[in-house]
Amino acid sequence: MDNSDSIDTILTNSPDTLSIGELIKGRYRIIKIFSDQDNDNDFALYPPEFEELINQFLIKDEALPGEPIAIFKQFLSKNRTIILNKDTSILHSAKLQFENQAIILGKIGHHSNLPRLLDYFEFQEASYLVCDYIDGHTLQQELQKSGLLSEVNIIDFLQDFLPILEYVHSQQVIHQNINPTQIVRRKQDGSLCLIDFRIALLLTSNQSILIIGTPGFAAPEQMAGRSVYASDIYALGVTCVYLLTGKLPRQLETNTAGVWLYDVDVSNELAEILQKMLAVNVRERYQSATEVLQAIRQLTNYYQTIKLSPEFESKFVAYSLLQNVSSNSLLIGGELEVAICLTLLNDNNTTYILEISHNEVTGNELNIFLTAPGFQFNADNTTSLPIDPDTANITQTATFNLTALRPGKTKIKAELYCGETYKTTLETEVEVTAFEETELRPLIAARSRPVPQPDIILQVRTTWNADICACTFNYHIDSYQPRLLFADDVDYNSQSLSATWVERSHSLLKTTLEEVASSLREDFRSRLVSLGHYLFHSLLPEELQNTFRTIASFNQPFTLLILAHQDAWFPWELLHDGQKFLGDRFIIGRWLWELEKSRPYEFPVGAVNVAHYASVEQPELWTELLHSSGAPPPISMQAGIFNDITLFESIRGLHLIRYGQSVDTTNRQDAPVRVNSSSDIQDIEREVQPAKLSLRRNHPLVSLSYLNAGQPELTALEQTWASTFVRAGCSAFVGSLWAVQPNVEAAFVSAFYNSIWAGQTLGVAFQTARRLAKTVVPESLDWLAYVLFGDPMARPYRPVQGQGYAVVEPIGQEIDDPVPPGSTVRFRVSLRRTPPVWYENRLMEVAEDLSFDDLRVFIVTSGLQVTPGDSILMTRTATGDYLGWFTLTAPAEMETRSVLVQVYFEDGIEPVHNLRFALNIVKQDGEAQ
């Protein structure tokens with residue numbers, strides 16, 4: 001269409017007549033049209049012409065399995081009102097704003113509480129944007145349904161929402177339209193999400209000159225065209241007042257004293273915070289979301305002064321949560337205790353307030369994930385605390401013991417989940433200082449287990465100097481192969497290596513890939529050999545080099561497990577001894593040093609869940625490659641969204657398929673982790689977060705097909721994908737160091753899963769798959785890219801049918817804590833359909849409807865008083881689990897000893913489960929036997 005076309009012609013051919021059922025771009029089917037009647041006029045934007053330019057629809061993406069729902073936005077470059085009024089400045093500015101919206105969504109959308117950009121294109125004189133549809137209710141809808149929020153609700157809302165706003169601002173984005181219609185509580189998990197970035201401002205891009213906002217909610221400086229981060233703080237403050245009063249800004253009296261306070265009963269402390277958020281002078285306002293969050297957390301220390309109504313107390317239970325560390329400063333090798341304390345809301349200092357309805361709290365639990373970079377866990381990094389109204393007055397503490405591994409400041413983070421719902425993350429900063437190498441404590445030793453250890457275990461760590469500008473690599477090697485006793489319990493140290501060298505060496509593989517992108521196969525091999533040889537001589541001391549050469553002389557593929565912390569993440573498989581790569585010499589598996597004591601030696605197998613990116617062509621063919629003879633068929637997940645994992649109570653395997661960077665960047669389609677993100681570990685951790693509980697309970701094997709899309713690309717496997725999934729509780733992770741050719745991946749993944757299902761160990765299956773990939777595509781060296789994170793001796797098992805997971809949990813103490821004579825310990829006993837997060841034994845297949853006619857529990861012990869004395873009648877909960885309680889009392893005259901307690905589950909006369917534990921009775925001057 002040229003400039004000579006008439007206005008009538010433009011309007012006739014304009015694509016502003018999309019209708020329900022219409023298909024756009026061959027994939028997007030219109031299923032709903034959002035009209036002006038769908039919008040609340042109280043929250044309309046100014047100027048109104050801006051909204052006339054944009055149509056919004058709900059669509060199904062028919063190109064993806066499951067046809068997921070998405071938001072579809074259309075910007076009309078030609079518009080009757082704007083053209084007839086000849087107000088082309090609004091048209092131009094709005095077009096720029098629409099383009100900026102796409103850029104912003106692409107930048108911030110990998111956060112789990114923000115919408116993702118799914119597509120952006122131009123078609124028939126219009127621009128189109130496709131983004132996530134977040135199914136849920138806005139705060140405005142919740143207000144209309146449930147009524148005004150209390151002070152407690154506002155505090156909870158700010159604690160949940162401010163971290164999201166913190167992240168948005170960290171990406172140099174100002175939302176500019178925060179109000180109750182733009183904050184959605186997601187139906188799936190109850191978490192808050194910030195939506196609609198149509199007028200958001202990206203400080204690093206070309207900015208529209210359009211002055212726009214929601215009257216009353218937009219800050220004064222925003223309506224003057226000078227938005228700052230604090231403008232969003234103002235809008236958030238107005239939102240809080242609206243949620244407290246139900247009155248729009250124009251309905252409230254305005255003066256310097258803040259007359260809105262007369263409309264609601266709130267504490268002076270909260271009133272002061274809201275007044276500062278609402279300061280007209282931007283300099284007197286909070287300058288960041290972080291400042292507001294700090295003020296809210298301080299307010300929780302005074303929470304006990306809030307007088308809760310009897311109606312509230314009858315409906316809710318409020319807990320205080322506090323994270324403590326034994327020391328904020330310690331030496332490398334020092335022990336650190338981290339305690340998460342759960343108690344009823346009281347006068348103590350509080351890090352976070354957990355508010356749960358009585359309906360939800362019965363039979364619930366607080367699940368805790370601890371992450372501590374630079375520390376080794378001396379046990380599991382996950383635990384849970386029982387939650388129930390009957391035991392709310394008992395203080396409970398979850399304790400983690402860690403050992404410091406490397407110097408520097410680090411944040412100890414505890415992710416908290418109430419049942420299946422993520423609540424918050426508690427953080428504490430700890431500083432670790434270096435010490436003389438002679439003080440280094442002995443390295444860890446492998447534990448006994450029913451499965452053979454790998455032939456060789458190589459432990460790798462770094463020791464940094466006081467200035468953290470140079471380090472040495474410390475190696476400890478243990479042998480579990482009789483012929484290799486010469487390599488057992490030996491320590492080695494590398495030469496001192498500068499921090500600059502370490503950083504530069506980490507980038508050598510990327511440089512090598514880029515240099516040989518268009519080279520012949522032999523050139524690629526020559527470069528890889530050169531790189532491997534250089535790293536072999538630089539990283540390994542000469543004695544260790546000779547040890548590896550001696551082991552190689554046996555001409556046998558021994559299994560090698562490498563335990564390393566993050567400073568020691570190198571492509572160990574590509575080290576070259578002058579004749580072969582180490583990955584050719586050994587069957588190598590890696591594992592995170594910090595989690596060595598929870599290293600799995602077996603893993604469940606069954607139907608593999610397949611998650612793929614939208615750009616993967618014919619995903620059904622890739623899914624078919626995972627179907628082994630005799631195995632249940634793979635399960636395709638809708639568009640590969642990690643949230644879908646929460647829909648599966650049992651997940652036996654997870655395979656991710658994605659393409660790498662494409663030369664044609666406009667065709668990128670992203671899920672489950674964004675292609676056009678930096679593959680930062682925090683990004684991937686956010687994506688995995690909704691699935692964490694499911695991954696932790698099921699311990700699946702996870703594999704990643706990272707396919708080459710036309711240009712070389714590293715996968716950042718060690719720092720992002722593998723470490724995230726392993727820390728989440730997966731038994732093993734298999735992937736490639738760089739994006740591989742599809743035909744190589746097809747050969748590898750098919751052989752790998754066929755070998756696993758045939759009962760081969762993890763290492764043998766991995767080695768078989770590498771060799772087949774090498775044989776099937778001999779012209780490619782991509783088979784060298786594959787890396788195994790897992791114990792190479794780990795064996796598969798198929799879960800058998802079972803009648804649920806029997807669990808006994810003491811309230812207020814650990815099961816092995818000493819109990820003084822004369823005291824009473826209360827226990828929660830349950831039969832569950834899913835295992836607790838700390839469960840480490842074999843999984844089972846449990847019926848979806850776990851049902852018993854007369855389930856009872858009998859306690860058998862000697863010398864202890866049991867209440868109830870006869871049997872415990874188990875009650876079925878809303879989640880389908882069975883729950884009961886009992887207490888054990890040690891007589892005051894009881895001597896120090898260990899008492900066996902046996903727990904029998906019976907349905908009528910039919911035995912269901914039994915378990916046993918020891919209760920340690922300890923006098924003050926005695927010890928349990």
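The crossing of helix H6 and helix H9 is left-handed, and in this predicted model the axes of H6 (residues 151–170) and H9 (residues 289–299) come within 9 Å and cross at roughly 155°. Angles over 145 degrees count as roughly antiparallel, and H6 and H9 are therefore roughly antiparallel to each other. The protein around this helix pair has 929 residues, of which 56% count as buried, and it contains 22 helices and 46 strands.

**Helices that cross**

- On the side of H6, the contact with H9 is made by Ile-155, Leu-158, Gln-159, Leu-162, Pro-163, Leu-165 and Glu-166.
- On the side of H9, the residues that make this contact are Ala-289, Thr-290, Val-292, Leu-293, Ile-296, Arg-297 and Leu-299.
- In another helix pair, the axes of H12 (residues 499–506) and H14 (residues 521–539) come within 12 Å and cross at roughly 155°, and H12 and H14 are therefore roughly antiparallel to each other.
- The crossing of H12 and H14 is left-handed, and its contact is made by Trp-501, Arg-504 and Ser-505 of H12 together with Tyr-534, Leu-535, Ser-538 and Leu-539 of H14.

**A mostly covered helix**

- Helix H20, which spans residues 717–727, is mostly covered, since 10 of its 11 residues are buried.
- The buried residues of H20 include Leu-717, Trp-721, Phe-725 and Val-726, and also Glu-718 and Arg-727.
- After H20 comes Gly-729, a residue whose phi is positive, near 115°.

- Strands of a sheet pair through backbone hydrogen bonds, and the pairing can be either parallel or antiparallel.
- Strand E40 (residues 855–861) pairs with E45 in the antiparallel sense over 7 bridges, and within the E40 and E45 pairing Val-857 stands opposite Phe-905 in E45.
- Strand E45 (residues 897–907) is also joined to E46 by 11 bridges, and these two strands run antiparallel; here the bridge partner of Val-899 is Leu-919 in E46.
- E45 and E46 form a hairpin with 2 residues between them, and Gly-908 in the turn has a positive phi of about 70°.

**An enclosed strand and its partners**

- In strand E38 (residues 824–832), 7 of the 9 residues are buried, so this strand is largely enclosed by the rest of the structure.
- Strand E37 (residues 805–810) is joined to E38 by 6 bridges, with the two strands running antiparallel, and Val-808 stands opposite Val-829 in E38.
- E38 also pairs in the antiparallel sense with strand E44 (residues 882–889) over 8 bridges, and Thr-824 stands opposite Thr-889 in E44.

**The open sheet with mixed pairing**

- Another open sheet is formed by 5 strands in the order E13-E21-E20-E16-E18, and its pairing is mixed.
- Strand E13 (329–331) and strand E18 (382–387) stand at the edges of this sheet, where each has a single partner strand, so one side of each is left without a neighbour in the sheet.
- When direction is ignored, neighbouring strands of this sheet are turned by 30° against each other on average.
- Within this order, strand E16 (residues 364–371) and strand E20 (residues 408–418) pair in the antiparallel sense over 6 bridges, and the bridge partner of Ile-368 is Leu-416 in E20.

**The protein as a whole**

- Among the contacts between residues at least 6 apart in sequence, 73% join residues at least 24 apart.
- The protein exposes about 38,800 Å², and carbon and sulfur atoms supply 47% of that area.

Methods: Residues are numbered from 1 along each chain as its sequence is written. This is a predicted model: local features need pLDDT of at least 70, side-chain atom pairs count only at pLDDT 80 or more; totals for chains, interfaces and linings use all residues. Side-chain values use heavy atoms; hydrogens and water are left out. Buried means under 20% relative accessible area, exposed over 50%, partly exposed in between (1.4 Å probe, protein chains only). Helices (H or I, at least four residues) and strands (E, at least two) are DSSP runs, numbered from the N terminus. Contact means heavy atoms within 4.5 Å. Accessible areas come from the Shrake-Rupley method with a 1.4 Å probe; for residues, only the protein chains shown count as cover. Two strands pair if DSSP finds at least two bridges between them. Axes are lines fitted to C-alpha atoms, for helices over the stretch in contact, and angles run from 0 to 180 degrees between N-to-C directions. Angles under 35 degrees count as roughly parallel, over 145 as roughly antiparallel, 65 to 115 as roughly perpendicular and the rest as oblique. A crossing is left-handed if the near helix is turned anticlockwise from the far one by less than a right angle, and right-handed if clockwise.
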